[in-house]
Amino acid sequence: MIDELSTRIPGLRHLTLSTCASIPSSFATSPLSKAPFIALSALDLYNADSLQPSDLVALSRITSLEVLELSVVDCQANLLHPARFDNLRDLRVYQQSATDRVFDIFTAPSLQRLDVRSFRVESTSDLRRMYALWARSFPALQELVCTLDEHDAAGMEPCSISSLVAPFCSIRDLRMLCLWLDTLPITIGDDDLSTFAEAWPSLETLIIQGSSDLAQEYYVVGLPGLIALTGKCPHLRDLRLSGVRVRSEDVAQLPRDSPVNRFRYLLTGYSTLS
């Protein structure tokens with residue numbers, strides 16, 4: 001079918017494939033890697049049976065790919081050669097676990113956007129390892145979206161958001177950071193926002209959202225942190241944080257021409273006013 005499709009529509013640019021559990025994923029990825037698609041730039045691959053490392057290696061041979069969307073990749077087995085996607089710009093991965101090691105073999109030096117949804121982690125160290133790996137494998141990254149799956153955070157050691165995302169601080173062109181952390185015990189305060197301000201002068205969107213149960217204990221951002229961030233990130237227009245604490249004395253000292261006034265979207269859920 002794929003061979004016939006490439007013959008009938010050689011200029012096909014976007015292809016979506018969904019396979020059932022009874023069909024091995026290689027039945028799709030192998031012919032895809034060999035088909036003469038000269039313009040295929042976007043591929044969405046949804047599979048009931050998990051993709052294998054060999055499937056990623058096969059897909060990496062499609063040199064025209066710029067956008068790739070995958071559901072589940074099983075990399076528990078012995079890893080094969082790295083899957084290098086030289087021209088990939090946008091990668092979307094769903095329902096993945098930090099223990100699957102898919103990103104251990106996945107590199108894309110030109111990747112600008114990484115969107116990982118329903119990501120499963122067992123600890124804050126799991127997520128820290130993933131972030132370090134992503135920063136190393138995707139050095140041109142400009143936009144990161146990471147949504148954690150529901151999990152039991154009981155017994156997890158808290159860590160600061162700046163230490164968690166420290167590997168990305170070397171990527172000066174980062175424009176978007178969107179993290180939905182569920183109940184992961186992550187602390188965020190004014191010092192963290194100051195760190196972000198120094199690291200990402202091109203930042204346009206910053207979203208860090210967590211559970212309301214953690215807001216009062218772990219999220220302690222105030223106006224000083226917001227002012228530090230907006231003062232050094234002139235392009236910042238979308239800021240969404242949980243647990244901002246606004247004190248009347250900070251508001252009284254806020255200048256009329258404060259950069260906070262230029263926001264197009266400001267969301268501070270689970271916040272306190274005093």
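**Close-up views of the predicted model**

**Figure 1. Arginine 117 and aspartate 115 pair in a salt bridge.** At 34% relative accessibility, arginine 117 is partly exposed, a class that lies between buried (under 20% relative accessible area) and exposed (over 50%), taken with a 1.4 Å probe and protein chains only. The model is predicted, so local features require pLDDT of at least 70 and side-chain atom pairs count only at pLDDT 80 or more, whereas totals for chains, interfaces and linings use all residues. Residues are numbered from 1 along each chain as its sequence is written, and side-chain values use heavy atoms, with hydrogens and water left out. The partner of arginine 117 is aspartate 115, with the closest N and O atoms 2.5 Å apart; a salt bridge places a side-chain nitrogen of Lys or Arg within 4 Å of a carboxyl oxygen of Asp or Glu. Aspartate 115 is buried, at a relative accessible area of 5%.

**Figure 2. Glutamate 143 meets arginine 113 and arginine 175 in salt bridges.** Between arginine 113 and glutamate 143, the closest N and O atoms are 2.6 Å apart. Arginine 113 belongs to strand 7 (residues 113–119) and glutamate 143 to strand 8 (residues 143–148), so this pair ties together parts that are 30 residues apart in sequence. Helices (H or I, at least four residues) and strands (E, at least two) are DSSP runs numbered from the N terminus. The contact of glutamate 143 with arginine 175 has an N to O distance of 2.9 Å. This second pair links distant parts of the chain, 32 residues apart: glutamate 143 is in strand 8, while arginine 175 is in the loop between helix 5 (161–164) and strand 10 (176–180). Glutamate 143 is buried, with a relative accessible area of 16%, whereas arginine 175 is partly exposed, at 24%.

**Figure 3. A network of salt bridges links Arg113, Asp115, Arg117, Glu143, Arg175 and Glu204.** The salt bridges of the structure number 11.

**Figure 4. Phenylalanine 106 and phenylalanine 138 belong to one aromatic cluster.** The structure holds 8 aromatic pairs. The pair of phenylalanine 106 and phenylalanine 138 is edge-to-face, at 6.3 Å centre to centre and 70 degrees between the planes. Phenylalanine 106 is in strand 6 (residues 106–107) and phenylalanine 138 in the loop between helix 4 (124–137) and strand 8, so the pair ties together parts that are 32 residues apart in sequence. Rings of Phe, Tyr and Trp (its six-membered ring) pair if their centres lie within 6.5 Å; planes under 30 degrees apart count as stacked, over 60 as edge-to-face and the rest as tilted. Both phenylalanine 106 and phenylalanine 138 are buried. The cluster comprises Phe85, Phe103, Phe106, Phe119, Tyr131, Trp134, Phe138 and Phe168.

**Figure 5. Phenylalanine 196 and tryptophan 200 form a stacked pair.** Their ring centres are 4.9 Å apart and their planes stand at 25 degrees, so the arrangement counts as stacked. Phenylalanine 196 is buried, with a relative accessible area of 0%, and tryptophan 200 is likewise buried, at 0%.

Figure 6. Strand 9 (residues 159–160) is joined to strand 11 (residues 186–189) by 2 bridges, and strands pair if DSSP finds at least two bridges between them. Within strand 11, isoleucine 186 stands opposite cysteine 159. Another 2 bridges join strand 11 to strand 13 (residues 219–220), where valine 220 is the bridge partner of glycine 189.

**Figure 7. The whole protein has 9 helices and 17 strands.** Of its 274 residues, 49% are buried. Among contacts (heavy atoms within 4.5 Å) with a separation of 6 or more, 76% involve residues 24 or more positions apart.
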